[in-house]
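Subject: Structure for you to look at

Hello,

Here is the structure I promised to pass on. Please open it beside this email and follow along.

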Amino acid sequence: MRHIISCFVENHPGVLARVAGLFSARGFNIDSLNVGTTIDPTVSRMTIVSTGDDQVISQIIKQLEKLIDVIEVRDLTQDEHVERELLLIKIECNKENRREVIELADIFRAKIVDCGPESMVIEVVGAGGKVNGFFNLLQNYRILQITRTGRVALPRAAATSAPQSTAYGVTKDQHSESEDQV
Amino acid sequence: MATHAKPEKVEKKPHPLAGQELQGSDIVMQVLADEGVDTIFGYSGGAILPTYDGVFRYNESHPDKKIRLVVPANEQGAGFMAAGYARSTGKVGVLIVTSGPGATNCVTPIRDSAADSVPVVMISGQVARASIGTDAFQEAPVFNIMSSAAKHTFLVTDENELEETIRSAFHIARSGRPGPVVIDIPKDVQNSHVKFKGEGLLHFRGYNDRMRQLHEMQITDKIASRFFRLLENSSRPLVYAGGGVICSGAAETLRTFIERYQLPCVTTLMGIGSIDTQHDLSMRMLGMHGTAFANYAVQDCDFFISIGARFDDRVTSDIKAFLANAKIAHIDIDASEHGKVKIADWGFHGDVRKTLEELMEHGKDFNKDFSPWVRHCQELRKNYPMDFNRETADLMPEYVLEELNKLIQGEAIVATGVGQHQMWAAQYIDVKEPRAFLTSGSMGTMGFGLPASIGAQTANPDRMVIDIDGDGSMRMNIGELETAVTYNIPVKVLMLNNNADGMVLQWQDLFYEKRYSGTEKNWHTKDFVKHAQADGFKFARRVEKKEDLHAALEAFIAFKDGPAFLEVAVAHSHVYPMIAPGKSYAQMLTGPFIKAREEVGDIDVSNTNAF
């Protein structure tokens with residue numbers, strides 16, 4: 001099963017290498033890995049998407065918790081959470097089929113962020129299914145380049161299964177947006 | 001749940017040097033001294049020169065409490081010396097090496113120490129900060145390399161954090177599941193001048209919290225009652241003691257525990273010494289080359305109590321068949337060991353000694369008569385003992401160790417290399433106490449024995465320290481023979497020479513139709529005795545005949561004038577019992593000389609991918 005793991009780490013140089021090294025050394029999958037700072041500048045949040053059975057995921061969490069620089073690890077999958085990924089995709093497109101692409105983008109609430117005579121860059125944000133759905137649809141076009149951010153995720157405001165006391169561990173943003181559905 | 005931990009406040013006098021401006025290298029030395037370091041193993045070089053100068057100046061200015069410096073032939077030797085020091089005392093072993101090759105030569109002992117949970121601090125010089133990343137002379141990415149091998153790695157980029165970093169390295173090496181910590185210090189940081197604070201640690205919110213939680217973990221009534229219910233429902237409980245018992249300083253507690261409830265006890269290779277091998281309840285080592293009686297006890301038990309052990313593949317072999325019909329309890333300080341290999345019916349994440357003490361406190365009134373089972377185990381031990389070809393005129397390696405064992409009677413600290421001789425030492429040498437059997441268990445590093453014995457002897461000048469080695473393992477770090485003479489470290493080196501990498505050759509016999517690729521050394525012309533003599537050994541002998549062995553061993557043990565080297569030319573033999581890789585305990589091969597409980601018949605081992 002696919003899990004989204006939030007890993008808070010000391011914002012020290014080399015921590016990313018150590019975490020990535022742990023995954024490769026122990027044969028764990030990384031589907032995606034995203035790193036960013038939290039509201040506490042000394043703490044970074046890594047959002048790791050990995051696939052494995054319960055035992056593998058439990059090992060991933062426990063092995064991460066053995067790293068000295070790791071502050072806290074949480075499996076967000078069990079609780080209500082929001083997750084997003086951003087995809088930028090550049091496709092070949094001219095005035096003949098531009099209309100059609102814009103329509104598709106509208107259906108997915110994707111944005112056209114750049115447009116030239118021969119190509120177009122589209123941005124789509126959403127949970128994995130939506131991004132993949134959009135991406136699959138665009139397979140009918142000539143895709144020139146893509147880049148994806150990997151998943152980021154936060155527990156929903158309602159998720160109270162674990163105490164959340166640290167400044168970096170809980171989102172101060174109480175706004176709960178409903179997940180985009182196509 | 002992480003909270004912002006405040007540094008612990010301990011009311012004490014400020015450090016006498018607090019507030020003074022010191023050179024980085026002097027700060028290194030001062031913190032080492034404050035941490036109780038009395039010996040440094042290491043090799044100098046360009047990028048660590050300032051710190052070696054610091055060692056010299058420290059010893060010049062502290063003639064009454066000098067820190068001993070032992071310089072090996074190769075940095076790998078220093079690493080294993082520090083490990084031998086740490087394994088034999090429980091104190092942190094320290095090595096100081098230079099950048100680049102100095103540091104990379106230590107990858108093996110650092111990984112070895114991590115795999116066997118040995119507290120070691122390695123300090124390496126690094127090129128100056130401005131040169132890092134330029135492929136400077138003797139530059140290697142030590143932080144990256146060691147991050148994959150050590151418990152933790154530091155690169156000191158800010159001279160103002162140097163003293164806290166070194167102090168923290170000791171703290172991390174010792175706490176929780178112990179392990180090696182590497183500190184890479186750029187040369188200009190060693191040369192910098194900063195104000196010495198005399199106290200303070202780096203702040204690791206998560207690690208500190210986890211350590212605190214570990215200490216606060218308590219066996220509650222409910223947790224204890226579940227354990228004792230399992231014990232109550234069991235009629236054949238068996239304790240499985242690992243290296244964690246020794247790390248935790250829990251050997252005495254373990255003895256009380258098994259005596260109190262009358263629980264027979266097997267140990268892992270790393271757990272040798274956690275219980276006196278001669279104890280009535282001791283069933284010695286289990287596993288691939290465990291004793292037949294230990295492995296029969298594992299097959300027969302219905303409740304397996306794992307204490308500071310980790311269900312290594314050399315123990316479990318066929319994991320599905322292992323303990324298929326027994327309940328399992330698992331005590332370990334490392335949360336990740338719980339459920340890694342086997343899911344226990346009862347598990348507790350905590351320090352072994354504290355956990356056992358608390359369990360006994362809760363189980364004061366527990367009484368169940370396990371005497372039929374204890375008698376059964378004792379009969380197993382009596383009926384299926386270790387044995388070998390006693391009739392032959394050949395000098396058998398097992399015989400050598402049996403004879404050695406009679407002479408030392410559990411009184412020596414024994415280190416080993418890796419291979420057949422290591423397994424025979426585990427099977428035939430009696431060990432009375434923890435930290436007296438030093439071996440590279442998890443990594444299986446050939447060449448471990450000699451430097452580890454030198455480190456152990458340095459830490460235990462009044463004990464007899466014996467390195468039981470093989471010719472293959474000896475070659476790996478043979479340069480350290482000279483180190484033993486140079487520093488007059490009176491280790492006794494017993495080398496069983498079968499002119500082969502015997503363990504690998506045994507596998508080639510069994511699994512590769514005797515194609516001895518790369519393992520036979522019959523055409524090698526090395527004269528080990530001459531080598532030892534050239535290095536200055538005053539006792540260097542070779543025994544070739546069975547009838548000469550006893551006298552030679554006696555002289556070897558009795559020799560008092562420095563280190564001693566005894567080579568014994570032994571016949572080829574296979575280590576038995578053997579549970580072939582991937583096979584189950586029921587398929588244990590006992591070989592031609594050890595009595596088997598049941599006929600196992602031929603086992604197809606020709607096509608195994610298990611390692």
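First, a caution. This is a predicted model. Please keep that in mind as you read.

**Domains**

Start with chain A. It is divided into domain 1 (2-78) and domain 2 (82-148). The centres of domain 1 and domain 2 of chain A, taken over C-alpha atoms, are separated by 30 Å.

Now chain B. Here the division is into domain 1 (21-214), domain 2 (221-383) and domain 3 (397-569). Between domain 2 and domain 3 of chain B, the C-alpha centres lie 31 Å apart. Their contact takes 13 residues from domain 2 of chain B and 13 residues from domain 3 of chain B. What classes of residue does domain 2 of chain B bring to the side that touches domain 3 of chain B? That side divides into 6 nonpolar, 6 polar and 1 charged.

**Where the chains meet**

Chain A has 21 residues in contact with 18 residues of chain B. Look at the chain A side. Helix H1 (15-25), helix H2 (54-66) and strand S4 (70-75) of chain A each supply at least two residues there. Which element gives the largest share? H2(A) does, with 7 residues. By class, the side of chain A that touches chain B has 6 nonpolar, 8 polar and 7 charged residues.

**A sheet in chain B**

Next, find the open sheet in chain B, which is formed by 6 strands. Their order is S11-S10-S9-S12-S13-S14, and the pairing is parallel. From one strand to the next, the twist averages 15°.

Strand S10 (residues 265-267) of chain B is joined to S11(B) by 2 bridges, and the two run parallel. Opposite Thr267(B) stands Met285(B) in S11(B). Helix H13 (residues 292-300) of chain B packs on the sheet. H13 touches strand S9 (237-241), S10 and S11 of chain B. The direction of H13 makes about 110° with that of S11(B).

**Two helix pairs in chain B**

Stay with H13(B). It packs with helix H16 (residues 371-383) of chain B at an angle of about 150°, their axes 8 Å apart. The crossing of H13(B) and H16(B) is right-handed. From H13(B), the contact uses Phe293(B), Tyr296(B), Ala297(B) and Asp300(B). From H16(B) come His376(B), Cys377(B), Leu380(B) and Arg381(B). The residues of this contact divide into 5 nonpolar, 1 polar and 2 charged.

Now move to helix H17 (residues 397-408) and helix H18 (residues 420-428) of chain B. Their axes come within 10 Å and cross at roughly 45°. That angle is why H17(B) counts as oblique to H18(B). The crossing of H17(B) and H18(B) is right-handed. H17(B) makes the contact with Pro397(B), Glu398(B), Leu401(B), Glu402(B) and Asn405(B). H18(B) makes it with Gln420(B), His421(B), Trp424(B), Ala425(B) and Tyr428(B). By class, this contact has 5 nonpolar, 3 polar and 2 charged residues.

Best wishes

Key
Residues numbered from 1 in each chain as written. Chains lettered and ligands numbered in written order. Predicted model: local features only at pLDDT ≥ 70, side-chain atom pairs only at ≥ 80, totals over all residues. Axes fitted to C-alpha atoms, helices over the stretch in contact; angles between N-to-C directions. Helix = DSSP H or I, 4+ residues; strand = E, 2+ residues; numbered from the N terminus. Parallel < 35°, antiparallel > 145°, perpendicular 65-115°, else oblique. Left-handed = near helix turned anticlockwise from the far one by under 90°. Contact = placed C-beta atoms within 7 Å. Nonpolar A, V, L, I, M, F, W, Y, C, P; charged D, E, K, R; others polar. Pairing = 2+ DSSP bridges. Domains from an automatic or database assignment.
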